[in-house]
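Notebook open, structure loaded. I want to go through some salt bridges, a pocket and a couple of loop residues.

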Amino acid sequence: PTPTPVAIIPPAGFKRYVNGSSGVSLWVPESWTIIEPGQGGSPILQSYPQDKYIGGEPRQPGDTKCDLTIHPAGTSMADLIARVKSDPIITIVAEKKIVLQSGLSGTRMEIESMGTSLSLITEVNELTVILTCFGDTELFEEIAGTLGTSD
């Protein structure tokens, strides 16, 4: 049974982002920059201006970059998690099941691969969605908890 959609309560000072092609939405701090992808790309949500980092330099303290990867219909969440776990360049530091504000459940992973990142893998609108954040991940739980549909 599909869980009944529940109203998401956005954290104070956050704005809503809705991905137009999938209906996936989440809330990010109002000051963040949202970079919409070209065809089929992943939206990028970041705490700094779009042109701050040009040449791959390390992020400065407090900077966060999040990729919202929305997989095509038919992509299995279990297969994706298995793929992450079997990737030889990835070390999973911690993994736990969490329930989002929408009532959807997901898997939260702390991953070590060229730096530490936090990821949430869940299913929204029958699409497997991964939110991965690098840098300062202090707001990860608040942002990830708001993942849901635009309904």
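Before anything else, my burial scale: buried is under 20% relative accessible area, exposed is over 50%, and partly exposed is in between (1.4 Å probe, protein chains only). This is a predicted model, so I keep in mind that local features need pLDDT of at least 70, side-chain atom pairs count only at pLDDT 80 or more, and totals for chains, interfaces and linings use all residues. Residues are numbered from 1 along each chain as its sequence is written, and side-chain values use heavy atoms, with hydrogens and water left out.

**Salt bridges**

I searched the whole structure and got four salt bridges (a side-chain nitrogen of Lys or Arg within 4 Å of a carboxyl oxygen of Asp or Glu). Helices (H or I, at least four residues) and strands (E, at least two) are DSSP runs, numbered from the N terminus.

I looked up Glu95 and Lys85, whose side chains pair at 3.2 Å, N to O. Glu95 sits in strand β6 and Lys85 in helix α1, so this bridge ties together parts ten residues apart in sequence. Glu95 is partly exposed at 39%, and Lys85 is partly exposed at 45%.

Next I checked Glu141 and Arg108, which meet at 2.6 Å, N to O. Glu141 is in helix α2 and Arg108 in strand β7, 33 residues apart. Arg108 is buried at 13%, whereas Glu141 is partly exposed at 39%.

I also noted Asp63 with Lys52, at 2.8 Å, N to O. Both are placed in the loop between β4 and β5, eleven residues apart. Asp63 is buried at 8%; Lys52 is partly exposed at 31%.

**Two loop residues**

Is His71 buried or exposed? I get 18% relative accessibility, so His71 counts as buried. His71 is in the loop between β5 and α1, and its contacts (heavy atoms within 4.5 Å) beyond four places in sequence are Leu80, Leu127, Thr128 and Ile130. Its C-alpha is 5.4 Å from that of Thr128, 57 residues apart along the chain.

Ile89, in the loop between α1 and β6, is exposed at 58%. Leaving out residues up to four places away, Ile89 touches Glu112 and Ser113.

**Second largest pocket**

I counted 19 lining residues for the second largest pocket, with Val84, Ile90, Ile111, Ser119 and Thr132 nearest its centre. A pocket, on a 1 Å grid over the protein atoms alone, is an open set of points where a 1.4 Å probe fits, with protein on both sides within 12 Å along at least five of seven lines; lining residues have an atom within 4 Å of a point. β8 gives the largest share of that lining, four residues.
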